[in-house]
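Subject: Structure for your files

Hello,

Please find the structure below. My notes on it follow.

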Amino acid sequence: MTQSVRSTRLGGPFLPQGLLAPAIGVLALALAYPLGRQVLMSLQEYGLAQQFGEPAEWVGLANYRALVTDSYLWGVVARSVAFCLVNAAVTMALGVAVAVLLTTVSKVVRLITQIGLLLAWAMPVLAVLTVWQWMFDTQYGVVNWLLSQGGLVQFQGHSWLIEPLSFYLVATIIVVWMSVPFVVFTVYAGLMQVPAETVEAAQIDGAGAWQRFRHVVVPAIRPVLLVVGLLQVIWDLRVFTQIYVLQEAGGVSRETNLIGTYVYRLGIAEGDFGTASAVAIFMLALTVLLTFGYVRRMLRAEGP
Amino acid sequence: MSQTTKVAPTPSAALPPSAPPMRRRRPRRGRQAGLDLLALLVFACAVFPVYWMVSSSFLPGNKIRATEPTLFPAPGTLENYRRVFTEGSFTSSLTVSLSVTALTIVVALVFAFLAALAVSRFRFTGRKQFVLAVLVIQMIPAEGLFISQYKMLEGWNLLNTVTGLTLVYVAGVLPFTIWTLRGFVDGVPIELEEAAMTDGCSRPRAFFTITFPLLAPGLVATGIFGFIQAWNEFTLALVVMTRPENQTLPVWLRTFTDVNRGTDWGGIMAGSTLIAVPVVVFFLIVQGRLASGLVSGAVKG
């Protein structure tokens, strides 16, 4: 059946475009328009005075120039990148390990573990954050209790969020706990697709378990690992909710800001929308840079 | 918006199609027991926070503020839940959350369904560009755009309104919804419709009597996905709904935690449990189906 016949059979030639119109309208209104506006805003002096009606002044790249020379921003960027890479790496390592573990355990145990992981995966982010706050509570938290029971008495009444490094440790535990299930399920599905013959052939050739994993299984699931790893990097780079909530719960925000919370504090809290927009654009550019390869691969899979 | 519940279009084209699964090698008995034990440890780590949330929500205040934590809430109390419902603004936040979520689902589903139909059943100029745009838009982090969306809604007097928040939510879930629904529409062979048309059905009738019922599971699955996204979303809700009386449940939970820190963890856990229950239930229902929808959505060209 040829395409032209298809489209003329039902209504006029503009029917498909008409079907697309509502979706395109919403995306243009709520994504494209603010994006364009954000670019413009980042080129303007848009502070508190403009909030009260003064016209915004064009300043060209001044916001960007100010940012590039601002050592605090570079600190934030360095922290964000480090946080993102550590979290993504830990998540991937744990996720792949658990997925491999699942292929070796008995059927019942596997089912039980999968249900547990599914539960963790399904939890709303805010519920996750509150329960971990409660577990890490200074006075009555179960973590401090366990540690001091285990002989580490210094953890009695220990505050986890004051110190930036310990703040990031808590944030990392939470982010990893939330992200591992997705990695496990995706990688496990990938592992199930690895042909048994190739693994067996390697075994016959005398490859040990680690060698089989490293040289047969990993290359076979490489595409899955790449995609999942990349998604982790993207998600952990834009992390906002976890950091924001933990900051409000007792972290020192100036010492713990990552890009997302920095944009929020600059814009919503301090009213400096020009600079905040510039930082947000910077974050978008970073994301595009990171996802460029992935999107291109998806496009190629999409075909003509 | 895919930050809260991490589901994303995985290009499963990457996987080799239908090869026999890797056979599980049976290790010796002792080692097997060790591996099983390790897996159960993973289970415990995954489940403990969830258990702790539910368990604490049934504890009376004196058990919460005790030097020894209570591991099992017996005898439990519903007092925490009563407080959540009667004190503070839980019910008004529930109303806001329900309205925004319902509106988002309905609008996103209708718009995405029409768009999916267009790209799946028609060939036209701009089709490919649209699919590409949807793909690229999915990569835009909400965290990189909320400043501008805030200014936009402020300019239109839509801050603190259900309409305003719904608008940005619909835009957030639409790309993924279109992408997934397209997979479902592609999954219904056009030959079915054509057969009905040969039997004398008009094309719209053939579509609505033959194809549409087959799409129902896909619509349910994507609808639930939209529910989870909108119900859990925090960043935009925090930015758009600035007044306490307009907060959605996640933002309410945060402020509730702020006010009660150190005094009412039981109440906070009851609130968390109430927010989590619908999501967990829906998530478990839809999990498998969503995965297969993702797969078909990603493979079809």
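Tyr262(A) lies in helix H14 (residues 259–269) of chain A; helices (H or I, at least four residues) and strands (E, at least two) are DSSP runs, numbered from the N terminus. Tyr262(A) is buried because 26 other C-beta atoms lie within 10 Å. Here a residue is buried if 20 or more other C-beta atoms lie within 10 Å of its own, exposed if 12 or fewer, and partly exposed in between, with C-beta atoms placed from the backbone.

Before going further, a word on conventions. This is a predicted model, in which local features need pLDDT of at least 70 and side-chain atom pairs count only at pLDDT 80 or more, while totals for chains, interfaces and linings use all residues. Residues are numbered from 1 along each chain as its sequence is written, and chains are lettered from A and ligands numbered from 1 in the order in which they are written.

Back to Tyr262(A). Leaving aside neighbours within four places in sequence, Tyr262(A) is in contact with Val76(A), Asn257(A) and Val279(A); two residues are in contact if their C-beta atoms, placed from the backbone, lie within 7 Å. Tyr244(A) is 18 residues away from Tyr262(A) along the chain, and their C-alpha atoms are separated by 9.6 Å.

Gly75(A) is in helix H5 (residues 71–104) of chain A. Gly75(A) counts as partly exposed because it has 14 C-beta neighbours inside 10 Å. Between Gly75(A) and Ile259(A) there are 9.9 Å in space, C-alpha to C-alpha, although they are 184 residues apart in sequence.

Two helix pairs in chain A:

- The axes of helix H6 (residues 107–122) of chain A and helix H9 (residues 164–191) of chain A come within 8 Å and cross at roughly 125 degrees. H6(A) is therefore oblique to H9(A): angles under 35 degrees count as roughly parallel, over 145 as roughly antiparallel, 65 to 115 as roughly perpendicular and the rest as oblique. Axes are lines fitted to C-alpha atoms, for helices over the stretch in contact, and angles run from 0 to 180 degrees between N-to-C directions. H6(A) contributes Leu117(A), Leu118(A), Ala120(A) and Trp121(A) to the contact, and H9(A) contributes Trp177(A), Pro181(A), Phe182(A) and Val184(A). By class, these are eight nonpolar, no polar and no charged residues (Ala, Val, Leu, Ile, Met, Phe, Trp, Tyr, Cys and Pro count as nonpolar, Asp, Glu, Lys and Arg as charged, and the others, Gly among them, as polar).
- Helix H10 (residues 196–204) of chain A packs on helix H11 (residues 209–237) of chain A at an angle of about 145 degrees, with the axes 10 Å apart. Thr198(A), Val199(A), Ala202(A) and Gln203(A) of H10(A) meet Arg212(A), Val216(A) and Val217(A) of H11(A). That contact divides into four nonpolar, two polar and one charged.

Chain B has 12 helices and zero strands. Of its 301 residues, 47% count as buried. In chain B, 92 residues are in contact with 96 residues of chain A. Helix H1 (residues 29–57) of chain B gives the most to that side, with 15 residues.

On confidence, the mean pLDDT of chain B is 84, and 86% of its residues reach 70 or more; pLDDT is the predictor's confidence in each residue, from 0 to 100. Over residues 1–20 of chain B the pLDDT is below 50, and over residues 293–301 of chain B it stays under 50. For the complex, the predictor gives an ipTM of 0.86 and a pTM of 0.86.

Regards
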